[in-house]
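Please keep the sequence and the structure in view while reading.

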Amino acid sequence: SSDNGPSFAGGVDTKFFNSTGGLRGFKMDLYEGGIRMPFIARWPGKIKAGGTSDLVSAQYDLFATLADLTNQKVSATDGISFLPELLGNKRKQATHAFLYFEFSEKDGQIAIRMGDWKGVKSNLKKNPAAPWELYNLKTDRNETTNVAAQHPAILKKLDTIVFREHQKKKKKS
């Protein structure tokens, strides 16, 4: 696996190296170029060589997977083991209803991945009521066409998730 997104600083030539593979965004962005990362696994005799997967997962799923692999009990985690996917048992693979991302850099951002849908809000520190951008990653993996206006019901679902998942910063006393 890798860190999230290629850097935009320090003289990195992201275009020359095609660092995002055409995806929008870089490190510190919640667009796919900033959060999507490769994962390579090798386990001769267990993981099929040359296979690929489209399973959507998050870094915290690795903890759940390693615990599953070593028969350890895990509590208080949002992670889901992707060991069934690695072993070719797609029917037994549990999936996330959504992935929630929140990042305070670049004036505040949130993103939610829900199936093929991805909602993004930016500049939240300046505009707490910033509108959603909505992308269908199945047909627009590079997040070039905002279809939010055509899908108000999905935007309502995203708002519900944010209301439930966002935790307000506690004031120091």
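## The largest pocket

In this predicted model, the largest pocket has a volume of about 1,600 Å³. Its lining is made up of 49 residues, and those closest to the centre of the pocket are Met-37, Phe-39, Ser-53, Leu-55 and Ser-57. The elements that contribute two or more residues to this lining are helix H2 (32–35), H3, H4 and strand S1 (99–103). The largest share comes from S1, which gives 5 residues.

Sorted by class, the lining of the largest pocket contains 25 nonpolar, 10 polar and 14 charged residues.

## The second largest pocket

The second largest pocket has a volume of about 270 Å³. Among the residues that line this pocket are Glu-102, Phe-103, Gln-109, Ile-110, Val-162 and His-166. Strands S1 and S2 each supply at least two residues of the lining. By class, the lining of the second largest pocket divides into 4 nonpolar, 4 polar and 3 charged residues.

## The enclosed cavity

Rolling a probe the size of a water molecule over the atoms shows where empty space is left. In this model, the count comes to 1 cavity of 30 Å³ or more. About 40 Å³ of space lies in the largest cavity.

The residues lining the largest cavity include Leu-55, Val-56, Ser-57, Asp-61, Ile-80, Phe-82 and His-96. Its lining has 5 nonpolar, 5 polar and 1 charged residues. Leu-55 and Ser-57, named here as part of the cavity lining, are also among the residues closest to the centre of the largest pocket.

## Helix H3 and its buried side

Which residues of helix H3 are buried? In this helix, which spans residues 60–69, they are Asp-61, Ala-64, Thr-65 and Ala-67. These residues lie on the same side of H3 because they cover an arc of only 165° around the axis. Helix H4 (83–86) is included in what covers the buried residues of H3. One of these buried residues, Asp-61, also lines the largest cavity.

After H3 comes Asn-71, which has a positive phi, near 55°.

## The nonpolar cores

The largest nonpolar core consists of 16 residues, and those with the most contacts inside it are Tyr-100, Ile-112, Met-114, Trp-132, Leu-134 and Leu-158. Strand S2 (109–114) and helix H5 (152–165) each supply at least two residues of this core. The element that gives the most is H5, with 5 residues. A second, separate core has 7 residues, including Leu-30, Val-120, Tyr-135 and Leu-137.

What does Met-114 touch, not counting residues up to four places away in sequence? Its contacts are Ala-97, Phe-98, Ile-154, Lys-157, Leu-158 and Ile-161. Of these, Leu-158 is named with Met-114 among the residues that have the most contacts inside the largest core.

## The fold as a whole

The protein chain has 5 helices and 4 strands. Read along the sequence, these elements follow the pattern α-α-α-α-β-β-β-β-α.

Of the 173 residues in the chain, 34% count as buried. When contacts between residues at least 6 apart in sequence are considered, 41% of them join residues at least 24 apart.

Key. Residues are numbered from 1 along each chain as its sequence is written. This is a predicted model: local features need pLDDT of at least 70, side-chain atom pairs count only at pLDDT 80 or more; totals for chains, interfaces and linings use all residues. Side-chain values use heavy atoms; hydrogens and water are left out. Buried means under 20% relative accessible area, exposed over 50%, partly exposed in between (1.4 Å probe, protein chains only). The arc is that of the directions from the helix axis to the C-beta atoms. Contact means heavy atoms within 4.5 Å. A nonpolar core is a set of buried Ala, Val, Leu, Ile, Met, Phe, Trp, Tyr and Cys residues joined through side-chain atoms within 4.5 Å. On a 1 Å grid over the protein atoms alone, a cavity is a set of points where a 1.4 Å probe fits but cannot get out, and a pocket is an open set with protein on both sides within 12 Å along at least five of seven lines; lining residues have an atom within 4 Å of a point. Grid points are joined across faces, edges and corners, and a volume is the space filled by probe spheres set on the points. Ala, Val, Leu, Ile, Met, Phe, Trp, Tyr, Cys and Pro count as nonpolar, Asp, Glu, Lys and Arg as charged, and the others, Gly among them, as polar.
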